[in-house]
Amino acid sequence: MAEVKIQAESRTEFGKGAARRIRRDNKVPAVLYGHGSDPVHITLPGHDTMLALKTANALLLIEVEGGEPHLALPKQVQRDPLKGTIEHVDLVIVTRGEKVQVEVAVHLEGEAVSDALVVTEHASILVEAEATHIPTSIVVSIEGLEIGAQIHASDLTLPAGSTLAIEPDTLIVNVTAQPTAEQLEGDTEGAEGETAAEPVAAAAE
């Protein structure tokens, strides 16, 4: 994974009012911490940060004026629920060669047999990898899988240098038969019956 260099500024103002002023200037308040150092409050450029964080587990090289650059991973990203803009970022400092645990997306490739329903039980898995070599995704082939097939964490092919950080028997993908029209109709009728019964039960109470 390539490092994304971001020029940051030291931040001395805190609180909601200060954060609003920072965002009005198209910047993002952030905190940089880890490795026993005191938290460093910084401001990041809004556009560059948004582009960088489009990639999961983005490796950032944070340069703060007058200080040493830090490699960091996003620990928590707060976004506006309506606009989707970044409101605040927590960054954790990492070092080259250091092992970290991160969630990596599971990406399915291929197609199972016809009439099969492929259920992804875990859309991402926890792996341990070197901080500068975090995989962007774990590719899982479902090509030709039969109904009843299952893929567990132990079946995954991980990139070199990555190891599982979850139980090997964790179910990742489950291949079942697609429900028939009759089954779907039966489920719908059952749900309608349960809904109709609720006012009666409430009245009895």
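Q: How many bridges join E8 to strand E13 (residues 171–177)?
A: Happy to start here, with the note that this is a predicted model. Strands E8 and E13 run antiparallel, and Ala116 stands opposite Ala177 in E13. The number of bridges joining E8 to E13 is five.

Q: Which residue in E3 is the bridge partner of Ala30?
A: Let's look at the strands first: E2 (residues 27–34) pairs with E3 in the antiparallel sense over seven bridges. Strand E1 (residues 3–10) is also antiparallel to E3 (residues 37–45), and two bridges join them. In E3, the bridge partner of Ser10 is Ile42. For Ala30, the bridge partner in E3 is likewise Ile42.

Q: Is Asn26 buried or exposed?
A: Asn26 lies in the loop between helix H1 (16–24) and E2. Although it is not a glycine, Asn26 has a positive phi of about 60°. Its relative accessible area is 51%, and the cut-off for this class is over 50%, so Asn26 is exposed.

Q: Is Asn57 buried or exposed?
A: Here is another asparagine with a positive phi, this one of about 55°. Asn57 sits in the loop between helix H2 (46–52) and strand E4 (59–64). The relative accessible area of Asn57 is 17%, and the class in question covers values under 20%, so Asn57 is buried.

Q: What is the relative accessibility of Ile138?
A: Ile138 belongs to strand E10 (residues 137–141). Leaving out residues up to four places away in sequence, Ile138 touches several others, among them Val104, Val106, Ile125 and Leu158. Ile138 counts as buried because its relative accessibility is 0%.

Q: How far apart in space are Ile138 and Leu156, C-alpha to C-alpha?
A: Leu156 is one of the residues that Ile138 touches. The two are 18 residues apart in sequence. In space, their C-alpha to C-alpha distance is 7.8 Å.

How values were computed: Residues are numbered from 1 along each chain as its sequence is written. This is a predicted model: local features need pLDDT of at least 70, side-chain atom pairs count only at pLDDT 80 or more; totals for chains, interfaces and linings use all residues. Side-chain values use heavy atoms; hydrogens and water are left out. Two strands pair if DSSP finds at least two bridges between them. Helices (H or I, at least four residues) and strands (E, at least two) are DSSP runs, numbered from the N terminus. Buried means under 20% relative accessible area, exposed over 50%, partly exposed in between (1.4 Å probe, protein chains only). Contact means heavy atoms within 4.5 Å.
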